[in-house]
Amino acid sequence: MEDSERRDERAKHLFLSHLQAMVGSSLVARLGNLSPEAVFETPYSELVGNTGNFRKAERLFDGLQRGFDAGAIEDQLAARGISAITLADEDYPGLLRNAPDPPPALYLDGAIPDAPSVALVGSRKASSTGIETANKLGCALAERGVCVVSGLALGVDAAAHQGAVDAGGLTVGVLGCGIDVVYPRSNRALFDSVRRHGALVSEYFLGEAPLAWRFPARNRIIAGLASSVVVVEAPEHSGALITASHGLEAGRDVWAVPGPPGVRECRGSNGLLADGAGVLWDVPEFLEAVAPRGGTGLEPPDPSLPAGLPDTEAAALSGVGLEPRGVDAVARRSGIVMSELLPALALLELKGFVHRDAVGAYVRRAVP
Amino acid sequence: MSVCRARSLSLFGIDALPVEVEVDVSPGLPGFSIVGLPDAAVQEARERVRVAISNSGYKFPMKRVIVNLAPANLRKEGPAFDLPIAIGILAASGALAPARLERAGVVGELSLDGGVRGIKGALSMAEGAKKEGLRRLVLPQRDAPEAAVIGGVEVFGMRTLKEAVDFLGDGLRLAPTEPAPDNGTDDLAGEDFADVTGQRYAKRALEVAAAGAHNVVMSGPPGSGKTMLARRMPGILPPLTMEERIEVTKVHSASGEGNGELVTHRPFRSPHHTVSTSGLAGGGSNPRPGEVSLAHHGVLFLDELPEFGRTALEALRQPLEDGHVTISRVAATLCYPARITLLCSMNPCPCGHAGDKRKACRCTAGQIERYQARISGPLLDRMDIFVDVPRLTRQELRDEPSAEGSAAVRDRVRMARGTQTARQGSPNSMLSGRRLREVCALGGDAEALFSRAVETLGLSGRGHDRVLRVARTVADLAGGEGIAAEHVAEALNYRRSHLLGR
């Protein structure tokens, strides 16, 4: 391809990228194969035909056609140290290019690592168990040299990124807004860490706002950038399930972490398991599947209760379930009087058998 | 001699200071003026006194009447000078012998028909009279039983001005009012711990709080029984001693909330969250005790803590630290006692349903964080016990065995308090600094457990002290000399959730 030709192609994709930020991907997908001249010159009505009364789309398209200046955009990106990769470029991530509906352009702060990647997604309002699992998985994947892809949202996303950062590994955060917009704001510090350990990625140009419809749309990029998608914990109708279905469309392996039956926070992820998703019941086995290293060399952990736990603590532990439960409920189930139960629970917490969440409920932890 | 003196008393904070009412009746144009820094209510005494005297069948002197309230630099307020002014005028104009007024204090408000109305702060007045060396105190009939509690001063209750003149003028013999017999019990008006089904965790936390006078935050969804539990807190605190009863009654009487009797129950105050700063802490242009002082030796319950105004809550810091409120004015500085157990309740999140199994919480993490951040950190630092009160399902309520009554809990609390008073002279919640380290020294197992907890749970310095204090109380409840590992472990349960900071 000639240099000028490539520059025009690149400009076309940047144009489409800006268009997509306004009207979504359904229109843009039809224009991807046209020549740059056709995209820049042809009036909307001719390009789209009689698709009905999408007046707003027509107005936006005309406005963009009149004022578009690819050179200025390139300059602006260069000045901010942000790179843009378009479908016309060779370094566009291969996995994503072959996924359905790839974004015309990706804006990057940092660099997408050249490493196997796994997407870790889940509910923003996950249980403490979910958060802990996401963190551990992020850590374990990063230690194996796997890049952790997620959406930099609260809850599971943040925990997964944090796990990877803590392990000093690689991670990529895919945003539903411009990469210079920090949303949610409480993740500011995490944004910086992710930038240092990989990249912030978005299909939206600088300064674009975090509109509600952009988050389900960016989920296809999360699935597209990874070779496997893991749903850590998701209720029904969770955005994480959208990521999982994008993953299936793109032919990715979809895994889910099993949760206790009937618990609201786990119904979505358990539903995926019922539909045939991979069961992430054992971390070494999962790691071996997504990033083979030939034998784990690790002994499988012993799931039985450790011997030597004093009677009261063992009885207290029997009252704590996989689902968070208040102290009174634990007392009823274990049949221990309150003045003995409280010390036992605190000791179990210190020994790592149980976890106390933000509203004072106790839940079992994976055996340390 | 036409100058005549009557002794009276004026309420200043919750203490009464002596005031001398000097009356001069001299020839001249008829007139009546009051000097000596009187406020509006005292100025209006002129009209009440004039009419009350004539309506009682006496003659108001057609001369120049000047009343001086001494000391002149003390601001006098309220209508309690009506009676001494009237008596003084009648004595100065010869209706009774002035000599009889010596060593007798007189206070009371007059009505136009010559009746004597009740006043504020009768108990403080009696105490002030005793301190001043007065032998007798003449005051409204309504307030006599309250004042008689002090002893050492003969208290005479009056219904009318005429009765007072007859009594002081030696025409009438009355027996001094006897203090109401102490019925000894303080039945808790049916508010018993046994009424609350389930919530054994919260009850245990309140028992520990009562035993060590620790302040408590209860967090839970609406309808979980936080208010019900709080109302039963005074019932598990040890009964008031006589000294405490007098202090509590003084505050209530000074604020005008008294009913002429001694307060025998620990007060329970539950101000609404729209309360103003001076409503909560005390103050105003005519300073009055606030809710925190009305809860003196009792429980102040702040329902929906995050809804309270920040400045109002900040004003609680001094009373929580020092046990009293100081109100500074240009004219004077007042001090109201305010030694309270602070009980607060809050929802875990703005919608109230975080962690509730029956109803999903709709709040975002940011909303929850902002909600919890509304509570002032310094106030939270003075709270030792944090307890979650979940809402119980009907099934859980049905399965619950019947609960223990307040009386049994109170016996344990009383014993633990006794241990603390004998050891350090104050409840454990007052321990800090070096005294805390001495009293809460940990041995062997307990020390090992505690250092592990500090490391694992990331306790701050203050969080560290809170756990120690509460562990000391748990040990006192168990009757142990030293603090054992299980006492520290139980105390760890009462630490705050990470949302409120460690």
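**Figure 1. Domains of chain A in the predicted model.** Chain A is divided into domain 1 (3-85), domain 2 (111-290) and domain 3 (311-364), with bounds that come from an automatic or database domain assignment. This is a predicted model, in which local features need pLDDT of at least 70 and side-chain atom pairs count only at pLDDT 80 or more, while totals for chains, interfaces and linings use all residues. Residues are numbered from 1 along each chain as its sequence is written, and chains are lettered from A and ligands numbered from 1 in the order in which they are written.

**Figure 2. Contact of domain 2 with domain 3 in chain A.** The C-alpha centres of domain 2 of chain A and domain 3 of chain A lie 31 Å apart. Five residues of domain 2 of chain A and six residues of domain 3 of chain A take part in the contact, where two residues are in contact if their C-beta atoms, placed from the backbone, lie within 7 Å. On the side of domain 2 of chain A that touches domain 3 of chain A, two residues are nonpolar, three are polar and none is charged. Ala, Val, Leu, Ile, Met, Phe, Trp, Tyr, Cys and Pro count as nonpolar, Asp, Glu, Lys and Arg as charged, and the others, Gly among them, as polar.

**Figure 3. Chain B as a whole.** Chain B has 21 helices and 18 strands; helices (H or I, at least four residues) and strands (E, at least two) are DSSP runs, numbered from the N terminus. Its C-alpha atoms fill a box of roughly 90 × 45 × 45 Å along the principal axes.

**Figure 4. Side of chain B that touches chain A.** The contact takes 26 residues from chain B and 22 residues from chain A. Elements of chain B giving two or more residues to this side are α7 (200-212), α14 (365-373), α16 (394-399), α19 (444-457) and α21. The largest share, five residues, comes from α21(B). By class, the side of chain B has ten nonpolar, eight polar and eight charged residues.

**Figure 5. Packing of α20(B) and α21(B).** Helix α20 (residues 461-478) and helix α21 (residues 485-493) of chain B pack at an angle of about 125°, with their axes 8 Å apart. Axes are lines fitted to C-alpha atoms, for helices over the stretch in contact, and angles run from 0 to 180 degrees between N-to-C directions. The two helices are therefore oblique to each other (under 35 degrees is roughly parallel, over 145 roughly antiparallel, 65 to 115 roughly perpendicular, the rest oblique). Val467(B), Val470(B), Ala471(B), Val474(B), Ala475(B) and Ala478(B) in α20(B) meet His487(B), Val488(B), Glu490(B), Ala491(B) and Leu492(B) in α21(B). These contact residues comprise nine nonpolar, one polar and one charged.
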